[in-house]
Amino acid sequence: MNPSSDRLFDLLPAVHRQRDAEKGFPLRALLRVIAEQVEVVEDDIGRLYENWFIETCQDWAVPYIGDLLAHRIVHEAGQPGEVTTPQGLRRNKILIPRREVARTIHNRRRKGTLALLETLARDVAGWPARAVEFYRLLAWTQALNHQRLQRGRYPDLRDGQALGWVGGPFDEIAHSVDVRRIDAAFQRTRGRHNIPSLGLFVWRLKEYSVTRTPAYCQEEMGPHCYTFSVLGNDAPLYTKPRRETSPTDIAGPLDLPIPISRRALEREPAAYYGPSKSFAIWTDGWDGHQGQRLVESGEMMVADLSRWQYRPPRGRVAVDPVLGRIAFHPRQLPKNGVRVSYHYGFSKDMGGGEYLRVLSQPNAATLYRVGSGEPFKKINDALQQWQKDAPQHAVIEIADSGVYVEPINITFEQPRQSLQVRAANRRRPVLRLLNWMTESPDALFVSSRDGGRLTLDGLLIAGRGVQAEGRLDQIRIRHCTLVPGWSLQPDCSPRRPAEPSLELIDTQARVCIEESILGSIQVSQDEVGTDPLYIHISDSILDATGFELEALGAPTWPLAHARLSVLRSTVLGQIQTHSIDVAEDSIFMGLIKVARSQRGCMRFCYVTPGSRTPRRYHCQPDLVEEAARKAVNELGLSGAARDQALAAALRREAQRVRPRFSSVRYGAPGYGRLADSCAQEIRRGAQDESEMGALHDLFEPQRDANLRVRLDEYTPAGSNAGVIYAS
């Protein structure tokens, strides 16, 4: 196909083209317009051919191809969303997985096999899994003439690894019969060890890599003590899953994203340690060697470093994978630091990390690359060159996962300038801000004279917060982490819990926060002479480090002079603001106080009782309290008895639907994740029946419903298959 815009004009006879040239090419201009529509039609015809195949078809065509194969949509997971909205398209990808439709015939041929259950978990829900036949773990008396040595056996008290696996997916110990069904509707009534029971252990946490980043020296404990996490907190090391060699294999410990135990690392160090494996350690100037070198597997030893009391011998490095700690001999220290690569666990691509992000920048933007082997070694070097060149649009891209310890001051001198400071794709750089100036507080300071626009993308900022002041037009924070409490203790508690992560001082900038993790936001604004500034938060966690602390407020006023918009986010702390324009599918774990409650609305949210908010629609605990009132009224009580019953019912229901989290400490693998014991009104309380909060777009209720129906479809007759959450 000729992509030229004059393709139709070139088909005309030469005489017509000559006459058109004499009159200034009016015919050619007309044919160019027609050619644009011809290309649209040709592209549509080409897409029609591509839509015949599941590998190349558009997302809207997947259900139609599945219908030809009698692929049944799981209505328990909810109805498909609108194909015209990005949110609906993301939901439909979970409800009707392309991979499952593509493998429908293949899966039907393997129906009844154990390995198929693991394949279904990956194709339908996107979760790695291990399938277990529980009848193999039943205690029974074997005939001496027909012994089955692979069946469940009585425990060997000297085998610590087998004892550590009891009750988990790799359990090998014999159990007595449990007659309860494994696929029971309620968690408390489920059983496991029965003849027809099949268990599918699934891992919902993902493993994320950190590559060649400096380790953190715990100087309080000694110069020989290090942590893998650059923030100094304990972070368990996770296994980098290897690919299974055959589709009939059952997943083992090395095939799944699970925390590395001390016994597993001690038993198979070569399986976990190495530059391309789960973790690796490089030292500079240690054990008589000059320059960076990889610590050999034989030089590493496993130890319990929970109290930093163990001292490894000379020439050895002690590693605790459960806590993510490293210890050297006190008289044999790495002179020039330690670098590590490792994997940690988290729920979602959020807050920055070595995952794939969509990068965008203005046309003709000037690019400044920072990092090892790049034109600029420091961020300040790139900033100085940017201020010298003064381009209209610029991007400072950090090309590695290093730690940058330097004061950063960004000043927009030219009108309507834009600057984007971002991490390169699949990189996680850390900006560590220290106490550089004695006479004033330190922060990443941003100022503008006339309409500057700043974007922070893919960065982890620790040690201090971000301050913005002046005539800024926009501040956009996406896929970033501004560490709540500035830095972390070893147990992940914040070192400075009352300090804000973002301060907005006398600015009218429009603040957009997307897919990020932040501490509290403080707004210092003239409430009389200026309009409220606009703050938009979506798919993020706003963490004040305590439910009673301010997540959004003002240092000198009762309320922040700001208009707030919150979509699919989790707020851990109090909100004190001028108004809330809209709040959807979000969790507010703290009192809300707005000045203008007649403006805006809140939809499908959890709101802490006692809050002053705009009008609410389908929020909790409002719905359960209304149901409790109806139930008490139907009892026919009156007087004091009715009041006591109503008060007890309201208190009980409000406590039942209060969100419960696996962890509310940043740095823990389960940070921000709803606990399995959380009420269904929260887990499926969003407007599309997904969970409320920052992990809404994972659509885990839909994944779970899809998987359970497929298990019923593909397991053998007479068997009961159940899903067990391993993480």
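## An aromatic pair

Tryptophan 165 counts as partly exposed, at 24% relative accessibility. Partly exposed lies between buried (under 20% relative accessible area) and exposed (over 50%), with a 1.4 Å probe and protein chains only. Phenylalanine 170 is buried, with a relative accessible area of 7%.

## The model

This is a predicted model: local features need pLDDT of at least 70, side-chain atom pairs count only at pLDDT 80 or more, and totals for chains, interfaces and linings use all residues. Residues are numbered from 1 along each chain as its sequence is written, and side-chain values use heavy atoms, leaving out hydrogens and water.

## Rings

The whole structure holds 18 aromatic pairs. Rings of Phe, Tyr and Trp (its six-membered ring) pair if their centres lie within 6.5 Å; planes under 30 degrees apart are stacked, over 60 edge-to-face, the rest tilted. Tyrosine 49 and phenylalanine 53 have ring centres 5.5 Å apart and planes at 70°, so this pair is edge-to-face. Tryptophan 165 and phenylalanine 170 form a tilted pair, 5.5 Å centre to centre with 45° between the planes.

Tyrosine 49 is partly exposed, at 49% relative accessible area. Phenylalanine 53 is partly exposed too, at 36%. One aromatic cluster is formed by Phe228, Tyr273, Phe279 and Tyr342.

## The whole protein

Of the 727 residues, 53% count as buried. Along its principal axes, the C-alpha trace spans about 100 × 80 × 70 Å. Contact means heavy atoms within 4.5 Å. Among contacts with a separation of 6 or more, 60% come from residues 24 or more positions apart.
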